[in-house]
Amino acid sequence: MPVSDRELTQMFERVLTLSKVDKTQSVAVLKSDYSNPRIVRAAMDAAQRLGASVYGVELPAFNHPRAMGMDMTAYCGDTPLTGNLAAQRALEAADLIVDTMMLLHSPEQEQILKTGTRILLAVEPPEVLARILPTEEDKLRVNAAAERLKRARSIAVTSKAGSDFRATLGQYPTVTEYGFADEPGRWDHWPSGFLFSWPDESSAEGTLVLDVGDILLPFKTYVREKVTLEIEEGFIRRIHGGFEAEYLRDYMAYFKDPEVYGISHIGWGLQPRAQWTAMGLHDKNDGMCMDARAFYGNFLFSTGPNTEVGGSRKTPCHMDIPLRGCDILLDGEPVVLAGDVVAPEASRA
Ligand SMILES: [Fe+2]
């Protein structure tokens, strides 16, 4: 059901307050041709109501000739900010940027964060923002899980569908997404509620079996028949199954880049207000479907780039693949069993 402009502004006031915006702060709202004007306006109005110094940065849209589809996660690396140092400096001058455009996976975003500027991405439809409005409790639960993931030196994932995957951990940091940007240099995304890290290079091994109902992003499709991914030394070596396996093989081959088969971030969902079913109620171009990434107890597996944590794999193709019904074990101890969060206790909803 539609959210009013007034409610949208009130929600922004709440999330910007969680993000420590007050009258001492400067807030830049980053937008482009395709930004949702209601979200831009609500962000500007809310920041003003909190007494912050507010300004807009508008950049012309950029379309890479090889990019397919409208989903902004479908082509990583280049953004409207690429090569525009003057605009980057204007953004770095802010305490917090509300990104309604999508800088994610760009080197410019990493450079801006290193200056201490915080970034809050908000590109989902207002009704999704409303349903998954972040809370302090979300942060406590995600951070409780992060404390466990930071200590882990191995991860194993199994499922009744046939998954049997393992990797060592420790080379790359643990990243949390709880929906607001409250620390210097923090990037976050409203809506979210999950955590992840990256396998040590060359350590991911085994098989992941996508079962009926698991999700392929950015395709925004529910798998209708099993797809098997065979993983060796950190890369997907074989993809087999029926039509969906063929589609995935063809899509990844399109990029003509062996790096697309590398394993990217892996983690699990902790957001009970995100729904596995929500994707089926939206058109594909409504947003990027954070419901699918964040829903409680999913194992979120992904492929492609690892540059945002200092890795060397820069590739435009990024698949996010949430799986249901998995067991996830850290150093042999379960955190998720059959798709339900079992530990740490403080991370459970
Ligand atoms: Fe991802």
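Predicted model: local features only at pLDDT ≥ 70, side-chain atom pairs only at ≥ 80, totals over all residues.

User: Okay. What secondary structure does the chain have?

Analyst: You'll find eight helices and 20 strands in it.

User: And how compact is the chain?

Analyst: It's as compact as a globular protein of that length, because its radius of gyration is 19 Å, close to the 20 Å that the globule rule gives for 349 residues. If you want dimensions, the C-alpha trace spans about 55 × 45 × 40 Å along its principal axes.

User: How much of the chain is buried?

Analyst: Buried residues account for 57% of the 349. As for the accessible surface, that comes to about 14200 Å², and carbon and sulfur atoms make up 52% of it.

User: Switching topic: which domains is the chain divided into?

Analyst: Domain 1 covers 5-123 and domain 2 covers 133-347. Going by C-alpha atoms, their centres are 25 Å apart. The two do touch: 30 residues from domain 1 and 30 residues from domain 2 take part in the contact.

User: So what share of contacts joins residues at least 24 apart?

Analyst: That's 71%, counting contacts between residues at least 6 apart in sequence.

User: Let's zoom in. Where is F255?

Analyst: F255 sits in the loop that runs between α7 (243-254) and β15 (263-269).

User: Is F255 buried or exposed?

Analyst: Buried: the relative accessible area of F255 is 9%, and the cut-off for buried is under 20%.

User: Which residues is F255 in contact with?

Analyst: Setting aside neighbours within four places in sequence, F255 contacts R66, A74, Y75, V260, P316 and C317. Take P316 from that list: it is 61 residues away from F255 along the chain, yet their C-alpha atoms are separated by 7.8 Å.

User: Nice. And H64, where does that one lie?

Analyst: H64 is in a loop too, between β2 (53-59) and α3 (85-92). With a relative accessible area of 18%, H64 counts as buried.

User: What is H64 in contact with?

Analyst: Again leaving out neighbours within four places in sequence, H64 contacts Y75 and D78.

Notes: Residues numbered from 1 in each chain as written. Heavy atoms only, no water. Helix = DSSP H or I, 4+ residues; strand = E, 2+ residues; numbered from the N terminus. Rg over C-alpha atoms; globule rule 2.2 N^0.38 Å. Buried < 20%, exposed > 50% of the residue type's maximum accessible area, 1.4 Å probe, protein only. Contact = heavy atoms within 4.5 Å. Areas by Shrake-Rupley, 256 points an atom, 1.4 Å probe, with all protein chains shown as cover. Domains from an automatic or database assignment.
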